[in-house]
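Dear colleague,

I am handing over a structure that will be new to you, and my notes on it follow below. Please read them with the model open beside you.

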Amino acid sequence: MIDGKPVQQFLQDTYISAMMVIANAMKDEPNVVGFDTLNEPNHGWVGRKHLASCTDGLAFRWGWNFSPWDQIRVGSGYGPEGGLPVDLYNPPFVFQRTDVINPERVSAWRSDGPGCVWRQNGVWDVDEATGEAILLKPAHLWLDESVKGNYVDAFVVPFWRKFETSLRATMTNQPAGSPAIVFAEPPIDFSDPSSHPIPTMGVEGNDRSGPPLTNYVYAPHWYEIVILLTKSFRSWIGLGEYEWDWTLSRFTGLPKPLGVVGPLLGRQACIGGYAATVKHLRHVGDSMDDGRGVPTLIGETGIPFDLDGKKGFRTNDLSTHVTALDNVMQAMDYALVSFTLWNYTPQNTNERGDLWNDEDLSLYSTDQKDPNSDDPIYNGGRALAAAVRPYARKISGVPLAMHFDVDSRVFTFTYETGLNPDAPTELFVPQYQYPEGLTVIFKKNLPMELFAFRSIRNRPSRHLRLFVLISNFMNH
């Protein structure tokens, strides 16, 4: 207990209160529409069958590989004499060295305080005869079967709801009927990365009788795990949870579970596998709120730019990065999902990256600026050939497929017209890809109306194609 509250309640209340200070300060900014609930939460030790197990609850080894029980006892100064030998894996699965942890047996807990919270709760104690720490409740954090498969509903949804209540009470200046948006970010399950349960969004997390959700967005993060963790890229291999069903068509495939997280071989298989996973994430959003659905936004995606020991910086060749980012962007296009690229860091340098956590994912770097260029927009950009691409931003109908070829600069978008075919459909056409403008070719009397946008430059392959499927074209 802290200040009369259980630890979980105290920490959540304190975090939400801090976030609401920011929300209150920014509520009058016209471009602030809401807040993310919590960045990349995970289960922690909750659900571990045995606290003395190194592998339970983890799909891969990364960092120091020692059990929760070893962390608890070593952190309290009760590790083995001379310290605890612990293997370090970095990158994942790759053994690097063995470190000795806390050889002085120093306790991390204040000497004038109540001591270790786990000991207070009876998880462990000291054997009076030997003076050594003994584990008393190895299954202390194991969830019974009724809760284990429902972790999101049992723990995450009530937190989302508490966050929502505070946010809406703080950002009271939003338009009537359109409260501040809650970007509900689900936890990352390191024990099963392919697990994406559909949250039940009742008031208490298990009641589906409530009114439809208002201004909720499902906002998971997605990264290609191999390139992110190893900072190495090979276009022909990756890891996937799903595969893309190419038998239907090039653009309208469906995700098929692989059963386990497994290898994807070949660039097209990689892109398809990534798209299938992202499309499954969109399916979770579409299924929320008792099937009524909420929008899905991939809250983060992107690539690290310090690939292969920063080789591209030394050779001034970022073509590998263009291919890597294009794989990600193609997956987003195939899945027809909204997303935000992580990130833009104006202070980024090749040496220090994004100035946080040894990360370097910024689309801009001061070290990529050309001192002889007077371009106020693109100078300093990285892998822009993949990042700056056409897309459909407003659609009068239902989108069916979208694809952009980085090499030929051919963009294809297919959609079925809606109830109001005279309403505009808007495409973003970047000047970066088509600097000399476009000509438009329009043809009628086809099973589909064809709008062809072609670069004015004498390069027939560098054009933009828009296919419009007319839902009732047989009557025209």
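At 30% relative accessibility, Lys-162 counts as partly exposed, a term that covers the range between buried (under 20% relative accessible area) and exposed (over 50%), with a 1.4 Å probe and protein chains only. The side chain of Lys-162 meets that of Asp-13 in a salt bridge, at 3.5 Å from N to O, where a salt bridge is a side-chain nitrogen of Lys or Arg within 4 Å of a carboxyl oxygen of Asp or Glu. This pair links distant parts of the chain, since Lys-162 lies in helix H5 (residues 151–170) and Asp-13 in helix H1 (residues 7–26), 149 residues apart.

This is a predicted model, in which local features need pLDDT of at least 70 and side-chain atom pairs count only at pLDDT 80 or more, while totals for chains, interfaces and linings use all residues. Residues are numbered from 1 along each chain as its sequence is written, and side-chain values use heavy atoms, leaving out hydrogens and water.

Helix H5 also holds Arg-168 and Glu-164, which are four residues apart and therefore separated by about one helical turn; they form a salt bridge with closest N and O atoms 3.3 Å apart, and both are buried.

Arg-389 and Asp-326, likewise both buried, meet through their side chains in a salt bridge of 3.0 Å, N to O, and they belong to a network of salt bridges that links Arg-267, Asp-326, Asp-333 and Arg-389.

Overall, the count comes to 20 salt bridges, and of the 476 residues of the protein chain, 42% count as buried.

Notes: Helix = DSSP H or I, 4+ residues; strand = E, 2+ residues; numbered from the N terminus.
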